[in-house]
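Please look over the sequence and the structure first.

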Amino acid sequence: MKQTIMLLVVLLLVSCGQRKDGKTTGSQRMTTEVLLKTTPVKNQGHSELCWDYAMLATIETEHLMQGDSVNLSPDYVARQLLEEEGNRLFLTHTGRISLRGTAPMLIHLIETYGLTHYDAFHGSDDTDYDVICRKISPLAHGSRSLEEFQQDLSALLDNTINAITPRVYMFGAVYTPLEFAHSVCRDDEYMAYTSFTHHPFGEAFPLEVPDNRYYDKFMNVPINTLMNIIINNVRHGHPVCWEGDISEEGFSFERGTAILDKPLEKDVQQERQREFESHKTTDDHCMEIVGIAHDGRGRKYFIMKNSWGTGNPYHGFMYVSFDYARLKTIGIVARRQ
């Protein structure tokens with residue numbers, strides 16, 4: 001059933017937050033065409049875990065649309081990554097602890113360490129992952145053995161996040177974390193896509209962004225094909241995990257909208273490439289695409305579930321214009337057809 005909400009669309013310019021023609025924008029009627037089921041909006045807090053939250057949200061919606069009920073734990077994944085990062089730092093004494101990543105990295109981590117549901121494992125509202133990362137470095141440099149370090153790290157993570165239990169209980173069934181992960185997501189269930197011209201279309205390549213730490217390959221397709229993949233998936237009841245640039249002035253969580261403040265060039269494929277090569281388009285953030293809407297002028301928007309809490313006009317959701325997504329998408333992860 002179509003739902004109608006009011007959307008205040010504001011286009012910012014560099015100067016005073018006004019449009020070039022000097023006119024202020026008014027309320028416009030936004031009509032929801034498709035809206036998939038979601039779990040409650042979460043808050044990643046002081047962390048770099050948007051990829052974790054967005055990809056788990058995508059898996060959750062996929063199950064909700066099939067009639068299953070599942071609410072997964074980003075904190076469980078984060079804790080496992082912190083242990084992996086800590087062991088690397090102790091053994092190499094190089095680099096720093098980082099929780100950055102891309103959406104496909106989530107699949108690797110749950111294939112390796114398993115998963116649990118949110119009620120079984122989650123941190124507190126004041127869990128500060130930046131502080132935790134800073135505390136691990138002196139532990140790694142001060143421990144005399146790997147065993148000693150792992151014991152100290154486990155105690156730190158127990159106290160600051162939560163203690164891990166070896167079993168997952170759900171609906172009367174008992175799983176190991178790996179068994180539970182395999183029950184909600186197969187390693188071949190999703191596929192990553194991107195759209196850039198420095199590699200041939202129709203071939204997969206490790207996307208050259210700093211957060212692609214596992215060198216995951218993204219299938220390269222023309223931008224119109226990528227947009228159609230998103231649209232077709234959502235219209236057929238399948239969510240999509242989105243990675244892209246949010247540094248544009250037209251992106252505003254406070255307003256709940258992301259709108260380009262300039263028209264797209266005729267050759268948007270080359271415009272995308274120029275902005276990527278000049279670092280005007282960067283891999284800043286991940287969200288889950290769960291719907292499609294249009295405004296009174298017929299302009300299309302993706303409805304995206306964010307992970308910054310519910311403190312915006314749409315209770316944590318964002319309306320991202322098709323033009324914004326067409327120019328500023330770095331990559332997507334969609335259900336393999």
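Where does T39 lie? T39 sits in the loop between β2 (27–35) and α1 (50–65); helices (H or I, at least four residues) and strands (E, at least two) are DSSP runs, numbered from the N terminus. This is a predicted model, in which local features need pLDDT of at least 70 and side-chain atom pairs count only at pLDDT 80 or more, while totals for chains, interfaces and linings use all residues. Residues are numbered from 1 along each chain as its sequence is written, and side-chain values use heavy atoms, with hydrogens and water left out.

**Confidence**
- The average pLDDT (the predictor's confidence in each residue, from 0 to 100) is 90, and 91% of the residues score at least 70.
- Over residues 1–28, pLDDT stays under 50.
- Where pLDDT is low, the predicted coordinates should not be read in detail.

**Around T39**
- T39 is buried (under 20% relative accessible area, with a 1.4 Å probe and protein chains only), at a relative accessible area of 7%.
- Beyond its neighbours within four places in sequence, T39 is in contact (heavy atoms within 4.5 Å) with E60, L64, V70, N71 and K305.

**Helix α3**
- Helix α3 spans residues 103–113, and its buried residues include L106 and I107.
- G114 follows α3 and has a positive phi, near 85°.

Notes
Buried means under 20% relative accessible area, exposed over 50%, partly exposed in between (1.4 Å probe, protein chains only).
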